[in-house]
Amino acid sequence: MLYRESGQFSTSYLAEGRLFKLYQQRWGFYALLAFAFLAVPYLGNDYWFSAILIPFLVLSLAGLGLNLLTGYAGQISLGSAAFMAVGAFAAYNFQLRIDGMPLLLGFFFGGVTAALVGVVFGLPSLRIKGFYLLVSTLAAQFVVTWVLTQFGWFSNYNSSGVISAPPLVILGHDFSSPAGRYLLTLGVAAALFWFAHNIVHSELGRRWMAVRDMDTAAAVIGIPILQTKLLAFAISSFILGIAGALWAFAYLGTVEPHGFDLSRSFQILFIIIIGGMGSILGNFLGAAFIVLLPILLSNLSATFLAGVVDPGQLENLQKIIFGALIIFFLIKEPAGLARLWQAFRERSRIWPLRF
Amino acid sequence: MAGAPLLELQHISLSFKGVKAVTDISFTVQQGEICALIGPNGAGKSSLLNVINGVYPPDEGMVGFNGNSYRKMQSHQAAVQGIARTFQNIALFKGMSVLDNVLTGRNLKVKSSWLEQTFHIGRAASDIAKQRQKAEEVIDFLRINQWRNSIVGTLPYGLQKRVELGRALASEPRLLLLDEPMAGMNSEEKAEMSGFILDTQRELGTTVVLIEHDIGVVMGLSDHVVVLDYGRKVGDGTPDEVRRNPEVIAAYLGTSH
Amino acid sequence: MANNTLPHQLAHQAATQPKRIALRHKHLGIWHEQRWQALRGEIGQLVDILDGFGFKRGDTLVLLTHPRREALLLSLAAQWLGGIAAPLDPTLEEDTLALLLTHLKPAFAFAEEQQQVDQVLANSRPDVRIIYAEARGLSAYSQMTLHHYQRLLQDTPAAARAPLAEADQSAFALYRVNGERHVQVEHFRHGELLEEGRHLVFAERLGRNEEAFAARVFATSGHLRYLLSPWLTAGFTLNFPESIVTRDADRRELGPTLVVGTRDTYQRLESLVRARLPVPDSLLGRFITYALRPDGTLLQRLLGYWLVKRPLRDVIGFSRIRVPLLIGPALPAESLHFFKNLDIHIRTWDKIANWRTLSTTTSRHVPSGQDAAADDIKRVS
Amino acid sequence: MEFFLEVLIGGLLAGLMYSLVAIGFVLIYKASGVFNFAQGAMVLFAALTFVSLLERGVPFWGAFAVTLLSMLMLAWAIERMVLRPLVNRPPITLFMATLGLSYIIEGLAQTLWGAQVHGLDLGISDEPFEVAGLLLSQFDLFAAGTAGLLVLALSLLFNKTRVGISLRAVADDQLAALSIGIKLQKVWMIVWAVAGFVGLVAGLLWGARLGVQFSLSLIVLKALPVLIIGGFTSIGGAIVGGLIIGASEKLAEVYLGPVIGGGIENWFPYVLALLFLLVRPAGIFGERAIERV
């Protein structure tokens, strides 16, 4: 709208396929990255890092993981938190049991373990579809939590099953301050978002969407359905696993298996419903919404309803509002907040014309 | 049109929950011809297409394709062998753009792995460009350039039919199965679609088996007509032969047209 | 000046700025670029091909096609051999085209695709040599005289010979049918065209950095004089859209600095914009009217520029426009005003056409409605 | 052997309690194609409303009537504000809407009645008694009897009343039902109300057993594997599924638990259901739709 598109055209398919075709968008994006990496650590305070930015980033990442599976590949899942738990506990154990395991490599192996578990619970997806698949993901949710609490080995025989973060040191730099944990989370999230973006814009992403939109037709044109679905489970769980490790180590510091219960899975599902299924940007929007709304509500009630509503009621109120919002979005904007942004972008591209 | 047939159906029977859909059907399709399957609704035409590309396994009979015989063709195997198809009720990926739909048609031609594509290494760059170019050629062939980036779910019906043909063509098939490619079109659109089908056969050498109700279109388009009625074959030959076949006239041409 | 011909100009550009981009066309979703040197190489091949067909000095190559680079290159190749290019507008009615083709009886023709090939075949001598661009649907044609452009190029080695054209020879011949169904022709000599082109290049200070947009076929005198000739004279880049229906989107991507349009071109654009602007009564509509008022305050003008004019110019692909030319009949004052409001100052350039009627025994000048309109045009130079 | 039988029968009876929740589910799925995750929340809402009224001195049947009325209003509101605007949307969207719905209903129930645990005494003794040498729970038998009565009542409703017949018509073919003048919205509302009633019965029984508290809404998770095994569309299936899940869960807990560790009843039904699915992808009684392409 305010920037000129004219004169920016592609002379190769490679250039045509890039993320931001316009240089203004590219520079805007780089500026945003620079701001997040360079300016925010100096501008933010501990409250912002610990209570808002880190959970926001981790939840965006978890939303991304689920979005790949549900929004892109069309396989609905209620077991996201289980894969986060696997990632967290696996990363913990890799760190604990292998001497000198670098932190990020531990995260990576945590993600890989989650991916393997994801594949196991994704296997039924060839034979069963839709709601029936919920059973498989719910089984993952319950089995994983049970296994992690039942067998002390996973939490190094901690009496309450709690695991604590290893020292957050990468190449000699300590990342355990709030700003450091923020940077660690941001770095991992940026890398994984880049990774996921590339996937959904590649052949694999197209196959996922084909399976999502009509799997019979996908099979007829030669798309290997099982392999495509399993890759969705694996990559989705990989990202969820790393999100889980970050949740445990960069956000909470300590976590028990029940920190990854069914309501966490619901929370992640809500992120992608509100943010937008089948959208990369939507994960950020949905996560921001989920993180900020409770804060907003408690601030509002502290200001206007001080003494009238007790905290327990506030939680109930929050539940009602979330539920209502979910329904509202499904009715009014099934493609979520990302769709609103996209509509705005499309309109502003042709502004001041209407169509 | 001499030589071994490209497609050979031998004694195909198929039933759903005990109801016979197709009974003992045999016919052959020569390399490079356009073969039309005609017959009233419920005659088993779509079921037959579904047998050919492996959506339904036949109860009895064999499908011969390109010199090999199959008891049951898997959908994926059919695609690998070079059989592409379109569906009666348009089976496009509605949430994807025209270009992406056509690109999915090329999924079997992709050489690079998903990791190469994700990290832009190895064969990815040349592969992506190559697939895109091939898809663009199909888009150009079918004159859908201006809708390249439109989401197919938002396009009018006739265009969706064209995009679906495009997705099938993108796989560079040897055999193209078209299930009522002109259903619900006006005469102008039908003529256009007929042109595309003829060009596909002539320019690309693709063998076509199609189901169509418009007898005028069928007679003008096809080299070979197979007539079905209540799951049985009642006629098989050139359009002229079929037109003169009394059984066909009684079963089909006489009654519904 | 002996070398004052279109082919000589092309050779000159290829020699002086071989690496700069001469042509750009959108095809299969992306823009393909061709440098002057490569352009000359391809034309060299085409010259050999036409020569091989027996194309001689004074022969006419008929071109029946929407705007395409192949047509332009073949025209130049024909002229290279001292021949004449005769572009016909493929959007004309069937019987008009048939009349023109019957009259022309082409021995050499370029046809875009099956439809045009059929038209040429139906109305030409049996031994007509046809080069076509799009092979679709044509493989079943048994004629030995049909040739696919790309395949011809592949089979022909690169060659370079000096142009045979001379300045006072005809470069182009434009044909049309008048109201009494007589075929009329107008010839354009190399020298004349280049003269007119130079005139424009000088007056508008056109340089080699211009990006010109050719959405219309070169079938009007204005396009020959004020687009083709300046292109060869100034040596800028000529751009072709992917197809006639995608020209608006393509223009936006490209953002040309030089547009040579007819009254229709600008009026179509105007009505397109008017139809899509917010309704005047709506809030947005009132804001736009407010912001565009020419005698507004500083704030108004700032808003008008940043929120309406600038984005709107970009949407219609005019944000880099430097020279919007109008050729042919004049634009109504209202339309001129509309564009002027967007800071697009359309300039009118034309010369009265000089049509000769051919179907009757005597040649005479027939002033047509179009020419009468052209009389009123003020020369802005 | 006796112990085995006791466990088995205990499991079967407990399974019928799962069936109670699953039946409400099946009703809604059959009539509106909605996979109603909020069924658990409805059970909670009903039980909580009932017990809170009881605690405030409302007599049993009065509380029952008022709760039933509130379930009716709930059904009306759901039809108006959720189902109607979402008509013709993909089933997955409707499912997610019921997730939102369960949040609203849970939040609402706890806002109205508080989050503390309420005891509920229906006056049925939970003393085990002996039948043919086996120790059986009286309460379980009562619950089983209630479930049986409920199924009987529902089949009467479906087969003998006008409402029931139009309900079945809608379940068979929505378009055809519409074309013969059946009002879809009305049918939906009735079905959701009946499901609310079933939820109330389930809530009373479960509430009496576990106490009325938030975790009541989680019994929907128990009902899911039951549905998977029985199929989404068959009330008989829901009963059989419940029996299978109940029995095998108890047996597994008793015989498998000591080997691999306790607390397996949370996930065991799911794994069982998954194994079932791999053999029969549409449950025992579910119909496998032929995919028309």
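In which helix of chain C is K309(C) placed? K309(C) belongs to helix α12 (residues 298–315) of chain C. The legends below describe a predicted model, in which local features need pLDDT of at least 70, side-chain atom pairs count only at pLDDT 80 or more, and totals for chains, interfaces and linings use all residues. Residues are numbered from 1 along each chain as its sequence is written, chains are lettered from A and ligands numbered from 1 in the order in which they are written, and side-chain values use heavy atoms, with hydrogens and water left out.

**View 1. K309(C) in helix α12 of chain C.** Helices (H or I, at least four residues) and strands (E, at least two) are DSSP runs, numbered from the N terminus. K309(C) counts as buried because its relative accessibility is 16%; buried means under 20% relative accessible area, exposed over 50%, and partly exposed in between (1.4 Å probe, protein chains only). Apart from neighbours within four places in sequence, K309(C) makes contact with L292(C), G304(C), N341(C), L342(C) and D343(C), where contact means heavy atoms within 4.5 Å.

**View 2. The open sheet of chain C.** The sheet has 7 strands in the order β2-β1-β11-β10-β12-β13-β14, with mixed pairing. At its edges stand β2 (30–35) and β14 (347–348), each with a single partner strand, so one side of each has no neighbour in the sheet. Two strands are taken to pair if DSSP finds at least two bridges between them. Strand β10 (residues 211–213) of chain C runs parallel to strand β11 (residues 237–240) of chain C, and 3 bridges join them. Within β11(C), L238(C) is the residue opposite A212(C).

**View 3. Chain C as a whole.** Chain C contains 14 helices and 15 strands. Its radius of gyration is 22 Å, close to the 21 Å that the globule rule gives for 381 residues, so chain C is as compact as a globular protein of that length. The radius is taken over C-alpha atoms, and the globule rule is 2.2 Å times the number of residues to the power 0.38. The C-alpha trace of chain C spans about 70 × 50 × 45 Å along its principal axes. Of the 381 residues in chain C, 59% are buried. Chain C and chain D do not touch, and their nearest C-alpha atoms are 29 Å apart.

**View 4. The loop at K105(C).** K105(C) sits in the loop between α4 (94–104) and β5 (108–111) of chain C. Its phi is near 40 degrees, a positive value in a residue other than glycine. Most residues other than glycine have a negative phi. K105(C) is exposed, with a relative accessible area of 53%.

**View 5. A hairpin and a loop in chain B.** Strand β1 (residues 7–16) and strand β2 (residues 19–29) of chain B pair in the antiparallel sense over 7 bridges. E8(B) has T28(B) in β2(B) as its bridge partner. The two strands, β1(B) and β2(B), form a hairpin with 2 residues between them, and K17(B) in the turn has a positive phi of about 50 degrees. H120(B) lies in the loop between α4 (114–119) and α5 (124–141) of chain B. Phi of H120(B) is near 50 degrees, a positive value in a residue other than glycine. At 54% relative accessibility, H120(B) counts as exposed.

**View 6. The cis peptide bond of chain A.** The bond from W351(A) to P352(A) is cis, with omega near 5 degrees. Most peptide bonds are trans. P352(A) is in the segment after α14 (336–350) of chain A. Chain A has 14 helices and 4 strands. Among the 5 pairs of chains that touch, the most contacts are between chains A and D.

**View 7. A171(D) in helix α6 of chain D.** Helix α6 (residues 162–172) of chain D holds A171(D). A171(D) counts as partly exposed, at 27% relative accessibility. M71(D) is 100 residues from A171(D) along the chain, and the C-alpha atoms of the two are separated by 22 Å.
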